[in-house]
Amino acid sequence: METKKKAAVGAYISAPLITVLWFTIASLVFTFILRAPSPVPIFISFAVIQFISMLLFAILPGKGKTIVRVTSMFLIGSALMLMAGIFGRTNLQIEGFFFYLFSGTISGATVHFAMGKVVGPLLNNRNWCSWGCWTSMILDLLPYRTNVTWQKGRLSHLRFYHFALSLILVTLIFFGFKQTIVNTNPAAQVGTITELYWFLIGNVLYYAIGITMALIMKDNRAFCKYVCPINVLYKTVGRFSLLRIDGDRKKCTGCNTCVSKCPMSIDIPRYIKNDDRVRSSDCIMCMHCIASCPQAALKTSVGLDIAGKNYTK
């Protein structure tokens with residue numbers, strides 16, 4: 001039994017280790033280079049939550065894996081929503097990030113995007129999507145967790161339109177109407193009331209659209225696949241991620257059990273049969289593919305490669 005547990009943990013161990021490494025690097029940078037150590041306690045807390053959650057994911061059977069992953073999302077996602085979003089009145093949506101980026105101000109939004117969506121994915125891939133996202137923490141409670149084939153055509157372009165619309169809107173407000181919306185005072189502990197309203201309304205819309213799409217398409221992750229604008233960032237940065245799913249071509253039988261459990265409908269065996277890691281920018285590192293493989297052919301791994309074509313069902 002102990003041997004099996006050790007083997008199970010071994011298949012997943014790269015994910016929690018590189019997550020802790022990333023939070024450690026970020027803590028050192030913020031403390032000694034940026035001279036802004038205030039986010040470090042949060043980094044440490046999130047690192048501990050994800051490390052423990054991922055280890056439990058490796059050990060626990062069946063539904064226990066989903067429970068600890070969703071718990072991680074609730075602990076991290078709700079903490080950010082309350083502390084930074086609501087109490088801190090910071091718009092953590094992509095529009096808030098653009099406003100702060102244009103104004104050259106470091107805030108909760110810029111730190112959040114740097115950690116989870118711009119720099120972080122270079123190390124730990126789309127870890128945020130499965131272990132910290134406050135939108136997905138609600139969507140993953142819905143009953144449609146099995147694989148659903150991607151809808152091709154215009155629907156798959158919505159995320160790019162959403163990203164472009166958000167960027168154009170912020171650009172017009174900031175440069176055209178000379179309105180910053182956000183608090184550009186570096187000493188400010190909270191954002192503006194406008195930020196808070198934008199953040200709350202944006203989240204309500206995200207939940208409404210995400211739940212509606214899930215119910216119609218019978219796919220919990222329909223919003224993540226087609227609408228979420230962060231996908232555009234991930235498709236760029238995630239191409240170079242060190243952390244990916246890997247597999248043993250000799251063990252893989254092509255049974256597609258892993259595909260049936262993949263919430264992003266990735267054709268995992270196609271990568272493995274080509275002796276590739278799963279170099280898909282749509283992989284959200286939920287690791288349910290590893291847990292479902294009857295041949296124990298999959299694992300997490302750290303390496304250097306560039307994501308190529310997305311093989312999806």
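This is a predicted model: local features need pLDDT of at least 70, side-chain atom pairs count only at pLDDT 80 or more; totals for chains, interfaces and linings use all residues.
**Entry 1. Ground rules and Leu92**

I take helices (H or I, at least four residues) and strands (E, at least two) as DSSP runs, numbered from the N terminus. Residues are numbered from 1 along each chain as its sequence is written, and side-chain values use heavy atoms, with hydrogens and water left out.

I looked up Leu92 and found it in the loop between helix 4 and helix 5 (94–103). I call a residue buried under 20% relative accessible area, exposed over 50% and partly exposed in between (1.4 Å probe, protein chains only). Leu92 is buried, at 1% relative accessibility. For contacts I use heavy atoms within 4.5 Å. Leaving out residues up to four places away in sequence, I listed the residues that Leu92 touches, among them Leu80, Ala84, His112, Phe113, Trp134 and Phe199. I also noted a C-alpha separation of 9.6 Å between Leu92 and Asn203, which are 111 residues apart along the chain.

**Entry 2. Arg221**

I placed Arg221 in the loop between helix 11 (193–217) and helix 12 (222–226). Its relative accessible area is 2%, so I log Arg221 as buried. For polar contacts I count a pair of N or O atoms within 3.5 Å; within protein, one must be able to donate a hydrogen and the other to accept it, and residues adjacent in sequence count only if both atoms are side-chain atoms. The side chains of Arg221 and Ser136 make such a contact at 2.9 Å. Beyond four places in sequence, Arg221 touches residues including Arg69, Ser130, Asp140 and Ile284.

**Entry 3. Ser130**

I found Ser130 in helix 8. Ser130 is buried, with a relative accessible area of 0%. A polar atom of the Ser130 side chain lies 2.9 Å from the backbone oxygen of Ile284. Outside its sequence neighbours up to four places away, Ser130 touches Arg69, Met73, Arg221, Ile284, Met285 and Cys286.

**Entry 4. Salt bridges**

Side chains of opposite charge can pair when their charged atoms come close. I score a salt bridge when a side-chain nitrogen of Lys or Arg is within 4 Å of a carboxyl oxygen of Asp or Glu. By this rule I have 10 salt bridges.

One of them joins the side chains of Asp140 and Arg69, at 3.0 Å from N to O. Asp140 is in the loop between helix 9 (136–139) and helix 10 (158–176) and Arg69 is in helix 4 (residues 63–87), so this pair ties together parts 71 residues apart in sequence. Asp140 counts as buried at 6% relative accessibility, and Arg69 counts as buried at 6%. I then traced a network of salt bridges that links Arg69, Asp140 and Arg221.

Arg244 forms a salt bridge with Asp305, with the closest N and O atoms 2.8 Å apart. This pair links distant parts of the chain, 61 residues apart: Arg244 is in strand 1 (residues 243–247) and Asp305 is in the segment after strand 2 (298–302). Arg244 is buried, with a relative accessible area of 1%.

I also logged a salt bridge between the side chains of Arg279 and Asp276, at 3.1 Å from N to O. Asp276 is partly exposed, at 21% relative accessible area.

I work on a 1 Å grid over the protein atoms alone: a cavity is a set of points where a 1.4 Å probe fits but cannot get out, a pocket is an open set with protein on both sides within 12 Å along at least five of seven lines, and lining residues have an atom within 4 Å of a point. Grid points are joined across faces, edges and corners, and a volume is the space filled by probe spheres set on the points.

I count 3 cavities of 30 Å³ or more. The largest cavity holds about 220 Å³. It is lined by 19 residues, and Lys117, Cys133, Thr135, Cys228 and Ile230 are the closest to its centre. For residue classes I count Ala, Val, Leu, Ile, Met, Phe, Trp, Tyr, Cys and Pro as nonpolar, Asp, Glu, Lys and Arg as charged, and the others, Gly among them, as polar. The lining of the largest cavity has 14 nonpolar, 3 polar and 2 charged residues.

The largest pocket holds about 1,000 Å³. Of its 40 lining residues, Pro39, Ile42, Ser107, Gly108 and Val111 are the closest to its centre. Helix 6 gives the most to this lining, with 5 residues. The lining of the largest pocket divides into 22 nonpolar, 18 polar and no charged residues.
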